[in-house]
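Student: I am new to this structure. Can you show me how to read its features one by one?

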Amino acid sequence: TGNARNVTYSLALTGLTGVDLTGQNLTIGPGTYREGDEIRLGFNLLNLGSEPTMGVPNFDLYIGPDPIRNSSQDISLSNAGSFSAQSALDANGSEYIFLLLNVPSGLMPGTAYIHLEIETQSDVNPANNVTSIPIQIAP
């Protein structure tokens with residue numbers, strides 16, 4: 001016998017104690033891509049946490065048909081395991097990553113998604129370890 005009210009909140013966690021890696025500003029060169037085409041990809045790898053990373057951070061890149069990373073169908077864009085940053089990241093540190101990759105075979109024409117997945121065992125906020133960007137695939 002009153003008014004019900006539903007409220008949804010989104011929280012952005014900053015200044016966490018520990019390591020908090022994330023990729024931001026993921027970009028690719030403009031245009032439509034075909035199998036074998038070169039992709040120019042860049043992003044900022046950040047440690048939003050209050051402690052330095054223990055060693056060099058690793059990350060993986062995948063491409064697939066869905067906007068959410070799906071390990072059962074996404075194709076790895078790495079030929080030999082994970083990619084690595086150039087150095088360890090200090091607390092609140094960052095590194096700009098730039099890569100040249102090739103569009104793999106087996107993709108359907110239309111919109112696909114490149115997924116950046118940061119690998120870390122000690123991340124205090126793993127919810128921000130995957131980011132994605134659409135890419136147009138031509139027949």
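Tutor: Start with a definition. A salt bridge is a side-chain nitrogen of Lys or Arg within 4 Å of a carboxyl oxygen of Asp or Glu. Keep in mind that this is a predicted model.

Student: How many salt bridges does the structure hold?

Tutor: The count is 2.

Student: Which residues are linked in a network of salt bridges?

Tutor: The network links R69, D74 and E117. Take the pairs in turn. R69 and D74 form a salt bridge, with their closest N and O atoms 3.2 Å apart. R69 also meets E117 in a salt bridge, at 3.6 Å from N to O. E117 belongs to strand β8, residues 110–119, while R69 sits in the loop between β4 (58–64) and β5 (75–76), so this pair ties together parts 48 residues apart in sequence.

Student: Is D74 buried or exposed?

Tutor: Compare the relative accessible area with the cut-off. Buried means under 20%. D74 has 11%, so D74 is buried.

Student: And how does E117 count?

Tutor: Partly exposed lies between the buried cut-off and the exposed one, which is over 50%. E117 has 22% relative accessibility, so E117 counts as partly exposed.

Student: Which residues does E117 touch, leaving out those up to four places away in sequence?

Tutor: E117 touches F59, D60, Y62, R69, N129 and V130. Now try a distance. E117 and S82 are 35 residues apart in sequence, yet their C-alpha atoms are 9.9 Å apart in space.

Student: Over how many bridges do β3 and β7 pair?

Tutor: Strand β3, residues 38–47, pairs with β7 over 9 bridges, in the antiparallel sense. One example is L46, whose bridge partner in β7 is S94.

Student: Last, the surface. Which residues make the nonpolar patch?

Tutor: Y96, F98 and L100 make a nonpolar surface patch of about 330 Å². L100 lies in strand β7, residues 94–102. Its relative accessibility is 47%, so L100 counts as partly exposed.

Note on methods. Residues numbered from 1 in each chain as written. Predicted model: local features only at pLDDT ≥ 70, side-chain atom pairs only at ≥ 80, totals over all residues. Heavy atoms only, no water. Patch = residues over 30% accessible without salt bridge, like charges linked within 9 Å, V, L, I, M, F, W, Y side chains within 5 Å. Areas by Shrake-Rupley, 256 points an atom, 1.4 Å probe, with all protein chains shown as cover. Helix = DSSP H or I, 4+ residues; strand = E, 2+ residues; numbered from the N terminus. Buried < 20%, exposed > 50% of the residue type's maximum accessible area, 1.4 Å probe, protein only. Pairing = 2+ DSSP bridges. Contact = heavy atoms within 4.5 Å.
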